[in-house]
Every structure is written in C-alpha cells, then in structure tokens.
Amino acid sequence: MNWLRKSLVRAGILSSNRHKSGDKNEQQDQSVNVPYDREKCMYLLIISSPPKVSKAAAATPFLSKNALVKDFYKGELSAAIDYARNFEFSFIMFYAPWDAQSQAARKEFLAAANYMKDYVVFTAVNCWQPQSECRNQYNKVYRWPVLIVYPCFGPGIKYNGPISAPHMISFLYKLMKPLKKISDTNLNFEEAFVVAELNALPKSREFSVYYTIALKYLESDYEGRITFYVKPVKVSQNKLSLYLWNQVRVNIEPGDWKVAPILNWIIKSSESPSSWLAPSGSKSSLLSDVLQPGPSLILFTAKNPLHSANDYYMMLQEVAHEYKNCDDWGLNYDMATKRSRNLLEYQKLKRMCQVKSTPAKLNDVWSLSISAPFVNSSSNKLTIGNKQVDCNSINLGVREPFTCQGLIAEKFPDVPIKSGKFKNALRESELYPTSMWRQDSDPKSMQNLRKLLRRDKCRTFLLAEELTKAIFVESNIENTDQIDISTLGCDKVNGSLNFIALDSLRYYMFAERLGIDLSTKSDSSAVVILDESLETHYIMQGRINSTNLRRFVQRFSNNTLTRSMKSSVNVVHNYTPSYRIRTEDNADTFTVYVEEIDSTNFLDTIQQQNKATVLMYYSKQCSYCNGISYVFLTLARKLSFVDNLQFARIDGDINILPWEYTMEEFPTILFIPTN
C-alpha cells in the first residue's frame, strides 16, 4: 500500500509527517479525520481507474452469400475501392447494419444488382464496424446508406435518388451513356440539352473534361433532365451551347476548360417553365419554397423512371411554354412533335417486345476503356501481367475483367487476301493469319450489337411496363387553338402560375391532403391549382388533356373557378381511423353527447331547423384542446335534456370550411342559434 500512500501524499490528501504526539486531543482530531481521508481515498480510486468499455461485437455479413454483391462487412475500405477499380463501373453501398434505411435498401440493391449484373459490379461496405478502416475515415456521415458509383478512372459519382431498384437502374443506364452524338433529327431530351463542339480525337483533354462534366451533372440531377451531346470538330476554341426552351446560351472558353466552372454555368443557366419536384419527405421545405412565391399548378402523375418520357408531363411542358411565351419567342423545339414521336416509339417497342423469344446468350461486349488483346492462329496465348494464359484451355464461364472469352484461335480465320495492294503480289490460294473476328463470334460485330441492343431495350421496356404502364393523353375533342393562353403568364403585377409535377406513386399523401384520392383514378393523375397566400385550391374536373388543361388555366386567370372544399377527410381508406361513436352495434348502449363532424356534413349539421348548435373547433396538435374537451363533454351531457340544442366538434386543422366558418385559433367554441 506504499504506492497508494505516496499518490495520496502527492495529491495533498495525506501529510508526509509521521511524528508521534502525546497530546490526546491531537490524536483524537486525527482519528476524527480518518473517515474523511478514507472517503477522499475511495473517490480518488474511482476517478483514476480506467473506464470499462465493452468490446465491440464481431462483424457479421450484412448480405447473404450472393455472388452478385461482394460484401466487405469488416469495413475494408481500401480493398473495396481497389476491387471496384478493376471494372468499368462499380456501384458501392456504404451501410450501417443497424440502420433501418440500410436494411430497407438491401432488398432494392440486390434487385438492381440482379438486373445490371452484366454491366455493373455491385459491392457493399460496412462503415459502422468500430475500429474499421471505413469507420475511421467516414465517421461523420449523418445518413445511411451512401451509394457511390466508381468508374474505372476518375472520382466517384454519388447517387442522390430514391432507394428503389428501378431508379437505380435508370441512373446506372444514364451513367453508362452520359454522352450522345449530335444529329439533326430525333434529339432525345427532357427539358434542355447541351451541344459541345470540341476536339474528340483519342487522348483529347477537351473530350475527357466534357465527359466528366456529363457524369458529375448526374450527381446533382439523378434523373438526367439535361442531355449532353457532342459534335466532333477541328477547332481551336471549344464552344458550348445550352439549348433551353426559348433561347440558346453560348459559352466559349478560349483556353481554360475545367469541370467545375463549366458545370456551375450549366446548372445556373438552366431554367424551365415547368419542373419535376422530388421532396425528401412529407416535412420537406422544398415544396413550401416553391409554393410560397405565388399560385402553382401541380400535376400529380405516375412517373416511371424506366420509361424514356412521360406524356402527361410533356403536355404540361407544352402548356407551360405557351403560357410563359410573353414576347412571342421562337421555341427551340416543338413539344407536339416530340409527343407524337414518343408515342410512335412506344408502340414500336410494344410490338417488338411482345414476340416471346429467348435470344441466344451473347458474348460480353468488352468495354472501350479496357484494351482487348488479339489472338490468331500464330499465337493462342495471352500475356496478362506476368502470367501467360492459354486461351484454348481457359474456362469461358468465368467472368473476370481480363479473360479470353471468345478469343479461341479457331475463331480467327486464316483468309486469302484478294484485294488491295497485295492483289498482284500474292496468289489467291495462299492463306495468311489474321486477327479479324468471325461474324458470329465477334461480340462487337454489327449483327451481335443489334441483338444486344434489342435485348436490352425489351428487358427495360418489359420491366417498366411491369412497374407501371405508360399512359398517354387522349386526343382532344376540341381544337386547342380556340383557347389562347399565350399572354396570361405575363402579368408581372399579380404574378403568374408556377408549373410543377409530382410523382403520384411516391407523393400521393400531398394529393390526399387536398382531398384527391389518386387510387380511384385509372391514370393515377390529377391537376390542382394551389394558392397558399389565399389558402385556396382548385381541382380540375373532367379528363386530363390539353384542351381541359388550357381551359382550367384560363378560368383561373379570369377568377371564375370555384374554391374546392375537399381535404384529407374526404379520402377514406380501409386503414383510416374512424372517430364516430354511433354505430349499429353500440347504438343502444352508448349515447352520443358530442357529434364528430367534418367538411362533408358540416353545413347540414349546423343549419338544422329548430335546433341550435354549440360547435367546438380543435386541433390534434393543440394541448389546450385536450384539457377543455372534458369540460365541453361534461356540459353537453348535463344539457342533453334540451331537445333543440346539440353539441358538435370539428378538426379545424384538416377540414376546409367556408370563409365565414374558418377559425385560426384553437380551441374556439362557436354558438350558432336556431335558423
């Protein structure tokens, strides 16, 4: 115990003097201080002992033993990145095993991996395992899972879209083909497109920068609403043209051609009279920011991420272009022509993919970023690294980044040279070895590429139709030229409509708050104008087509629409709770003293002849309402003998009532006399 005494002496708890005292009073004082010193000693032992921390549980696989997804469940970050860089595209999910979102994303991630297994490698990394490499490097992530696509070169592209397999598949397809070659016809884009005139020769720095811009744009817009085209030219200056709906913006960079400034210019310069909105949840502020400046026209329609276009949204774009075209601008593209072309393409795909046939398995098309070795009759071996692989004996079923799939020597014919500069120098019967593929063996032959393109188109089309069938606007009965709305959006004093679209499959709850039950509509679509400043909304009646939509906008501008009184109480499902007390089973055993009413029976209840009404407005968010409800119920029970008096209550937060019966504070008690 000497070490303890020394530590206590250093701490000033005990004295270092050991003199003997004959004074009994002094000895008595020391004996009194002993318990106090012992308390200090125990306190010092407690605070000086190291904290006891339980050992972290051993890491366990998050995914099942599936060859499609490699799970680095111990958090080996470097090994996962190195593994991903061996392939052209790798999709990595960084997860936390305890997280509910990660657990929900597991099923969708596996479904996307099963569909895209021929093109993308899927990997998962546990970033929550204590003391793991991934946890130490990414210890400030506030939301799981994190999904990143890693190309074989360049930085990773983060996926910021919904955690669903169809959206992931659509994003990966766009990422695999970020650029398109410009042509005079059949430009396929949603809202705008960019044309770059630059040097596209191999090892071109300009092309590499533009390719990276197209990839990084998908990080900010996973839907890819701006399409990137390239026009190879021999120029000394790079020219970038952004085609919007009503104008063309040109950016010429004489020497400085970098990713960040050009991408920022594209995003800031892009504007559209209509747009899709994707709030992160029911409490997102994104929708509120859009609705606050002025009235907005909202189109609820099903958005299928696997379909190339949405006809209902294209109709909204067409109406918005006409509504916002104040200065009679010449539009850069005709929406009516685009809609007709989209319908013809859909019908063509439907006919082509209805033929049930099982195409033969095609050889994998090698990536352009991976060099393909040649093998002919003079050499049937490949040198990969420091190893030599015999292509005649390799297992062709193995899927590796570098294999001899299809590179069998017998598939490279020895052909005679019958034309060219060797025509007169060589005999026609003489054969010479060549590295040219056979037509049926070459995975990049025109024939096999057509088969592969058709197979992928049909796979995507059938999957899209299984998710939700494409819907097209019915032909207009009337001539839309009779309804002119071209100048209605030019009122700068009273403001103009904002045109937005919401996916009815994901954001149906917003429609229910407005009294629209999308489950009862065959096309799952609806149109509503919402004016938050006036606290009013108007629901479009009838079929959704160009004529009715234009008439709806025109009537709103002329103030001839009738305010809708519908709200979420008008949408009743099987799981909707009922607040009614009076039922057939318990009508004899219970007496209703306070009737629960809503906007559907509000006027009929309070306007009964020869009966006065005491009405209480409440809200589920109001704590004072709960306190006064007991008093209100007690009063109703004591006055139940009065025949010409009734008590009722209504939720003023979710029911839309006429202006004279709308209350802004809760609780509020209103007495409505007879007649």
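How many helices and strands does the secondary structure of the protein chain come to? In this predicted model, in which local features need pLDDT of at least 70 and side-chain atom pairs count only at pLDDT 80 or more, totals for chains use all residues. Residues are numbered from 1 along the chain as its sequence is written, and side-chain values use heavy atoms, with hydrogens and water left out. The secondary structure comprises 16 helices and 23 strands, these being DSSP runs (helices H or I, at least four residues; strands E, at least two) numbered from the N terminus.

Of the 675 residues in the protein chain, 40% are buried, that is, under 20% relative accessible area with a 1.4 Å probe.

Two packed helices are described by the angle between their axes and the distance between the axes. Helix 4 (residues 100-115) packs against helix 6 (residues 165-176) at an angle of about 45°, with the axes 8 Å apart, the axes being lines fitted to C-alpha atoms over the stretch in contact and the angles running from 0 to 180 degrees between N-to-C directions. The contact (heavy atoms within 4.5 Å) includes Phe109 and Tyr115 of helix 4 and Met168 and Tyr173 of helix 6.

Helix 7 (residues 205-220) and helix 8 (residues 259-269) pack at an angle of about 50°, with their axes 10 Å apart, so that helix 7 is likewise oblique to helix 8. Among the residues making this contact are Val209 and Tyr217 of helix 7 and Leu263 and Ile266 of helix 8.

Notes
Angles under 35 degrees count as roughly parallel, over 145 as roughly antiparallel, 65 to 115 as roughly perpendicular and the rest as oblique. Buried means under 20% relative accessible area, exposed over 50%, partly exposed in between (1.4 Å probe, protein chains only).
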